[in-house]
Amino acid sequence: MEFDWIWKSIIIVLGGTFLLRLAGRKSISQMTLTQTVIMIGIGSLLIQPLAGEDIWVTLGVGTVLVLTLIAMEFIQIKGDFFENLITGKSKVLIKDGVIQEANLKKLRLTVDQLEMNLRQKNVQRINDVQWATLEPNGQVGFTLKPDSQPVTKKEFQQLANDIKNYLQTMTPTKEVEQLRNQLASLSAQVQQSNVDSEGLFKEVQSKHHENPPPKRLQ
């Protein structure tokens, strides 16, 4: 009984990992059409050695595919013409809260599919959307109208400062002092949330956990 399939399987995993690492970190949902085609081709190639094909030829072909992908990505950097030819451009789906039906027909995208994508991004009403586009990787990008956008921490802090300055011009009373305390408390909570939200990203930069997880999960 031959057991060469064991070492072939190990080499396939190691070689496939190297090829995908070389190709980049994008997931299937983030890939362009060209990237998806090449990744599928690599996946089909890697299984060939187990069917009796030469393993080194397979890895060689996979390497050529990845290098071709890298070359095409560099070509796209050279100019918009090549980028438009290989990857394509974003298409407008919604403009000022109005669905662009002509573009949806060209893209063979239904309104239900568009609404599904928007719901996944916590958009409640199409009327709230200023722009929505279908990106070359198949993802839907959007921006809300100014009056539908949530308040940012910067805007809140600016409003809090304006209110604080206004309260300083008022005659000191119990109610005014209470408002000042509430405003100071809210500002402190916002500042603390800024510090807390950086935790996971700081770990990437510092390369260690702020709160070490259990050793069995490290």
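**View 1. Asp128 in the loop between α6 (111-120) and β3.** The structure shown is a predicted model. Asp128 has a relative accessible area of 16%. Because residues under 20% count as buried, Asp128 is classed as buried. When neighbours within four places in sequence are set aside, the contacts of Asp128 are Leu144, Lys145 and Ser148.

**View 2. Strand β1 (residues 91-95) and its pairing with strand β3 (residues 129-134).** The two strands are antiparallel and are joined by four bridges. Within this pairing, Ala132 of β3 stands opposite Ile94.

**View 3. The hairpin of β1 and β2.** Strand β2 (residues 98-99) runs antiparallel to β1, and two bridges join them. Ile94 stands opposite Ile99 of β2; Ile94 also stands opposite Ala132 in β3. Two residues lie between the strands of the hairpin, where Asp96 adopts a positive phi near 55°.

**View 4. Gln76 in helix α3 (residues 55-78).** The relative accessible area of Gln76 is 16%, so this residue falls under the 20% limit for buried positions. Apart from neighbours within four places in sequence, Gln76 is in contact with Phe82, Glu83, Ile86 and Thr87. One of these, Thr87, is eleven residues from Gln76 along the chain, and the C-alpha atoms of the pair are separated by 8.2 Å.

**View 5. A nonpolar patch on the surface, formed by Ile75, Phe81, Phe82 and Leu85.** Together these residues have about 420 Å² of accessible area. Helix α4 (residues 80-86) supplies the largest share of the patch, three residues. Phe81 lies in helix α4 and has a relative accessible area of 59%. Since exposed means over 50%, Phe81 is classed as exposed. Phe82, another member of the patch, is among the contacts of Gln76.

View 6. Helix α3 is assigned to residues 55-78 and contains Gln76.

Technical notes:
Residues numbered from 1 in each chain as written. Predicted model: local features only at pLDDT ≥ 70, side-chain atom pairs only at ≥ 80, totals over all residues. Heavy atoms only, no water. Patch = residues over 30% accessible without salt bridge, like charges linked within 9 Å, V, L, I, M, F, W, Y side chains within 5 Å. Areas by Shrake-Rupley, 256 points an atom, 1.4 Å probe, with all protein chains shown as cover. Salt bridge = Lys/Arg side-chain N within 4 Å of Asp/Glu carboxyl O. Buried < 20%, exposed > 50% of the residue type's maximum accessible area, 1.4 Å probe, protein only. Contact = heavy atoms within 4.5 Å. Pairing = 2+ DSSP bridges.
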